[in-house]
Every structure is written in C-alpha cells, then in structure tokens.
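Visitor: Please pick one part of this protein and look at it closely. I would like to know what surrounds it and what pairs with it.

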Amino acid sequence: MTAPVNGPAGYFPSIEKKYGRPIADWKNLVRSSPLTKHMELVAWLKTEHGLGHGHANALVAHTLAEAKSGGE
C-alpha cells in the first residue's frame with residue numbers, strides 16, 4: 001500500500017482534475033514568471049489563471065522549494 005502524499009503535493013491530483021492541466025505545466029508557468037515572491041506568485045495564479053488560493057499556494061510552495069533544493 002502506498003503512503004498518502006502530504007504537504008503541497010497532496011493537492012496535485014485535485015489541481016490537475018479541476019483545471020485540466022498537468023502539474024508540470026503549472027510549475028513551468030511559476031518558474032517562467034518574472035515574479036519571485038511567494039505571495040506575488042500566488043496572487044498572479046489566482047488573478048491571471050483562476051486558481052483558488054489553496055491550489056495556487058501549494059503550487060508555488062512546492063515549486064519554490066524545488067528551486068531552493070536544486071531539484072525540478
């Protein structure tokens with residue numbers, strides 16, 4: 001049995017289902033944005049792409065954490 005995914009990645013299945021785009025697409029958008037601050041990116045995803053706060057926050061948190069750790 002697989003352990004449940006916790007943290008921001010736990011939102012990924014519902015993000016893909018609700019918005020119809022793979023997580024890789026959303027992460028590429030976040031990485032390509034000229035914005036760099038967490039809450040600026042969250043606000044941008046909400047206003048420009050129609051994401052809810054929790055979904056936008058999860059995507060930004062996970063993407064920025066990957067960038068900090070050097071992973072993708």
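Guide: Contact here means heavy atoms within 4.5 Å. This is a predicted model, so local features need pLDDT of at least 70, side-chain atom pairs count only at pLDDT 80 or more, and totals for chains, interfaces and linings use all residues. Numbering starts from 1 along each chain as its sequence is written, and side-chain values use heavy atoms, with hydrogens and water left out.

The part to look at is helix α4, at residues 53–69, together with its partner α2, at residues 23–32. First, the setting. The protein has four helices and zero strands. Read along the sequence, the pattern is α-α-α-α. Helices (H or I, at least four residues) and strands (E, at least two) are DSSP runs, numbered from the N terminus. Along its principal axes, the C-alpha trace spans about 40 × 30 × 15 Å. Of the 72 residues, 29% count as buried. Buried is under 20% relative accessible area, exposed over 50%, partly exposed in between (1.4 Å probe, protein chains only). Contacts across the sequence matter for what follows. Among those between residues at least 6 apart, 46% join residues at least 24 apart.

Now α4 itself. Its buried residues are H55, A56, A58, L59, V60, T63 and E66. The cover over these residues includes α1, α2 and α3. After α4 comes G70, with a positive phi near 85 degrees.

One joins the side chains of E66 and K27, at 2.8 Å from N to O. E66 sits in α4 and K27 in α2, so this pair ties together parts 39 residues apart in sequence. Both of these residues are buried. E66 also bridges to R31, with the closest N and O atoms 3.8 Å apart. Here too the link runs from α4 to α2, so parts 35 residues apart in sequence are tied together. R31 has 37% relative accessibility, so it counts as partly exposed. Through shared partners, the salt bridges join K27, R31 and E66 into one network.

The buried residues of α2 are I23, W26, K27, L29 and V30. Seen down the axis of α2, these residues fall within an arc of 155 degrees, so they line one face of the helix. That arc is taken from the directions from the helix axis to the C-beta atoms. The buried residues of α2 pack against α1 (12–19), α3 (38–49) and α4.

Leaving aside residues up to four places away in sequence, W26 touches I15, Y19, R21, L45, H49, L51 and L59. L59 is also one of the buried residues of α4. For scale, W26 and E40 lie 14 residues apart in sequence, and their C-alpha atoms are 15 Å apart in space.

To recap the pair: α2 and α4 meet through packing of the buried residues of α2. Charged side chains join them as well, in the network of K27, R31 and E66.

How values were computed:
A salt bridge is a side-chain nitrogen of Lys or Arg within 4 Å of a carboxyl oxygen of Asp or Glu.
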